[in-house]
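Q: I'd like to learn how to read a model like this one. Could we go through it feature by feature?
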Amino acid sequence: MLRLPRPLQPWGTMNTTELHTQGYTILRRLLDRETTAAAAAVAGRLRMEPIFNYNPTTSRNDGRRRHADFPDTVGLQALLESVSGSGRAATDFVALESLPGCQAQAAHTDYVPNTALLDTTDDNVPLLAVIALQPATTLEVWPGSHRLIRRARLTRHTPKVTRRTVRLNIGDVIVFRGD
């Protein structure tokens, strides 16, 4: 049974400005330790396979970053739908695992950046979320990078974006734009 450590705020009161300018926002301590332990136990029983992300110029994968479809047996769908609001549906759960010594991921998109995606408004852009199941989880992000392809299409110039490492603790959730 999903138990939350504090009352949920509607998505509209969370940092949607950060989500749409930086491309991500972090919801700290959204899940309690019992729920994350249950999710980690489910993930630990999955058969993981190497993951490949869409990057047309860099195809590196050392096989130490893996994924598997995640059966939501702990109530994550209900949680994510309650915080995302606007009738969004949480679907396609995937467990991710980075083994010791894995290389940093190359910059990539999780969706192929086609015209339909690039023309999507902020209210309808696909959102993705990563839930930290282990302490001191780190994730590389590129603040503002979700606007690069759109900007390059208009100006024929791609500005530089500096990578940033974010640290997540057990139960933290990073929500990011799919574009």
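Q: How many salt bridges does a search of the whole structure find?

A: Here's the general idea: side chains of opposite charge can pair when their charged atoms come close. This is a predicted model, and a search through the whole of it turns up four salt bridges. One of them joins Arg-28 to Asp-172, with the closest N and O atoms 2.8 Å apart.

Q: Where do Arg-28 and Asp-172 sit in the chain?

A: In distant parts of it. Arg-28 is in the loop between S1 and H2, Asp-172 is in the loop between S7 and S8, and 144 residues separate them.

Q: Which side chain meets Glu-97 in a salt bridge?

A: That of Arg-66, at 2.5 Å from N to O. Here the pair links two strands: Glu-97 belongs to S4 (residues 94-98) and Arg-66 to S3 (residues 65-69), 31 residues apart. Glu-97 is partly exposed at 26%, and Arg-66 is partly exposed at 25%.

Q: What does the pair Glu-140 and Arg-163 tie together?

A: The side chains of these two meet in a salt bridge at 3.2 Å, N to O. Glu-140 lies in strand S6 and Arg-163 in the loop between H5 and S7, so the bridge ties together parts that are 23 residues apart in sequence. For the surface picture, Glu-140 is partly exposed at 27% relative accessibility, and Arg-163 is partly exposed at 45%.

Q: Let's step back to the fold. What pattern does the protein chain follow along the sequence?

A: Reading along the sequence, you get α-β-α-β-β-α-β-α-β-β-α-β-β. That's five helices and eight strands. Contacts tell you how the chain comes together: among those with a separation of 6 or more, 78% are between residues 24 or more positions apart.

Q: Which residues touch the most other members in the largest nonpolar core?

A: In soluble globular proteins, nonpolar side chains tend to be buried together. In this chain, the largest such core has 20 residues, and Leu-30, Leu-31, Phe-70, Leu-76, Phe-93 and Val-173 touch the most other members. Helix H2 (33-44), helix H3 (76-84) and strand S8 (173-177) each supply at least two residues of this core. Another core, of nine residues, lies apart from it and includes Tyr-24, Ile-26, Ala-132 and Phe-176.

Q: What does Phe-70 touch?

A: Leaving out residues up to four places away in sequence, Phe-70 touches Ala-39, Val-42, Ala-43, Leu-46, Leu-76, Phe-93, Val-94 and Ala-95.

Q: And how much of the chain is buried?

A: Buried residues make up 32% of the 179 in the chain. The accessible surface comes to about 10700 Å², with 51% of that belonging to carbon and sulfur atoms.

Q: Is His-146 buried or exposed?

A: With 5% relative accessibility, His-146 counts as buried. You'll find it in the loop between S6 and H5. Its side chain reaches the backbone oxygen of His-20 at 2.9 Å, and His-146 also touches Thr-21, Gln-22, Gly-23, Arg-177 and Asp-179.

Q: Where in the chain is confidence lowest, and where is it highest?

A: Where pLDDT is low, the predicted coordinates should not be read in detail. The chain averages 76, and 74% of the residues score at least 70. By element, helix H5 (residues 148-155) is lowest at a mean of 68, and strand S7 (residues 164-168) is highest at 93. Over residues 1-13, pLDDT stays under 50, though the model has 31 contacts beyond four places in sequence for that stretch.

Methods. Residues are numbered from 1 along each chain as its sequence is written. This is a predicted model: local features need pLDDT of at least 70, side-chain atom pairs count only at pLDDT 80 or more; totals for chains, interfaces and linings use all residues. Side-chain values use heavy atoms; hydrogens and water are left out. Helices (H or I, at least four residues) and strands (E, at least two) are DSSP runs, numbered from the N terminus. Buried means under 20% relative accessible area, exposed over 50%, partly exposed in between (1.4 Å probe, protein chains only). Contact means heavy atoms within 4.5 Å. Accessible areas come from the Shrake-Rupley method with a 1.4 Å probe; for residues, only the protein chains shown count as cover. A nonpolar core is a set of buried Ala, Val, Leu, Ile, Met, Phe, Trp, Tyr and Cys residues joined through side-chain atoms within 4.5 Å. pLDDT is the predictor's confidence in each residue, from 0 to 100. A polar contact is a pair of N or O atoms within 3.5 Å; within protein, one must be able to donate a hydrogen and the other to accept it, and residues adjacent in sequence count only if both atoms are side-chain atoms.
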